[in-house]
Amino acid sequence: MCHWLVRNLADCLCDIKPEAEPSVVIVDEEGKSTDRVESALKCLPHYDPASCWSGDTLPSFRYWKIRDFAYAYRSKLVTPSKIAEQIITLVEGCKYHKAPTPLLISFDAEDIRKQATASTQRFKEDINLVKLEHSG
């Protein structure tokens with residue numbers, strides 16, 4: 001009896017199509033990933049990463065998003081290496097304050113510099129590739 005009930009309940013639930021809610025955008029799960037991402041991006045509020053930059057200085061403290069970093073790197077306003085150096089300086093400065101809980105369990109400044117240098121190089125190569133695609 002229990003198996004029959006579960007099977008029939010499952011069959012009934014499969015036939016139910018939920019009503020679309022007004023603020024919900026349904027993304028075709030079988031579609032191309034680029035189309036799904038594009039649909040998802042259209043749901044986000046307007047975002048202008050340039051609005052947080054003023055002159056040659058880094059913006060005041062705020063929680064950076066991936067879009068902020070990507071914009072800053074592609075616009076050559078800052079490099080991953082410059083950001084890494086700022087983070088290294090901040091973390092190393094915390095060592096002297098004797099915090100009750102360490103900020104990081106492990107921290108290898110040279111490894112961070114190495115990864116940031118590689119990332120900086122990739123962004124340079126990507127920017128050069130985009131320039132070549134647009135010129136040719």
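These are my notes on one protein chain, a predicted model.

**Ground rules.** In this predicted model, local features need pLDDT of at least 70 and side-chain atom pairs count only at pLDDT 80 or more, while totals for chains, interfaces and linings use all residues. Residues are numbered from 1 along each chain as its sequence is written, and side-chain values use heavy atoms, with hydrogens and water left out.

**Confidence.** I looked up pLDDT, the predictor's confidence in each residue, from 0 to 100. The chain's mean is 75, and 66% of its residues reach 70 or more. Helix α1 (residues 2-15) has the lowest confidence, at a mean of 57, and helix α4 (residues 80-94) the highest, at 86.

**Layout.** I found 5 helices and 0 strands (DSSP runs numbered from the N terminus: helices are H or I, at least four residues; strands are E, at least two).

**Inside and outside.** How much of the chain is buried (under 20% relative accessible area, 1.4 Å probe, protein chains only)? Buried residues are 15% of the 136. The chain exposes about 11900 Å², with 60% of that from carbon and sulfur atoms (areas by the Shrake-Rupley method with a 1.4 Å probe).

**Contacts.** I took a contact as heavy atoms within 4.5 Å. Of the contacts between residues at least 6 apart in sequence, 38% join residues at least 24 apart.

**A spot on helix α2.** V37 sits in helix α2 (residues 33-43). V37 is partly exposed, as its relative accessible area is 47% (partly exposed runs between the buried limit of under 20% and the exposed one of over 50%).
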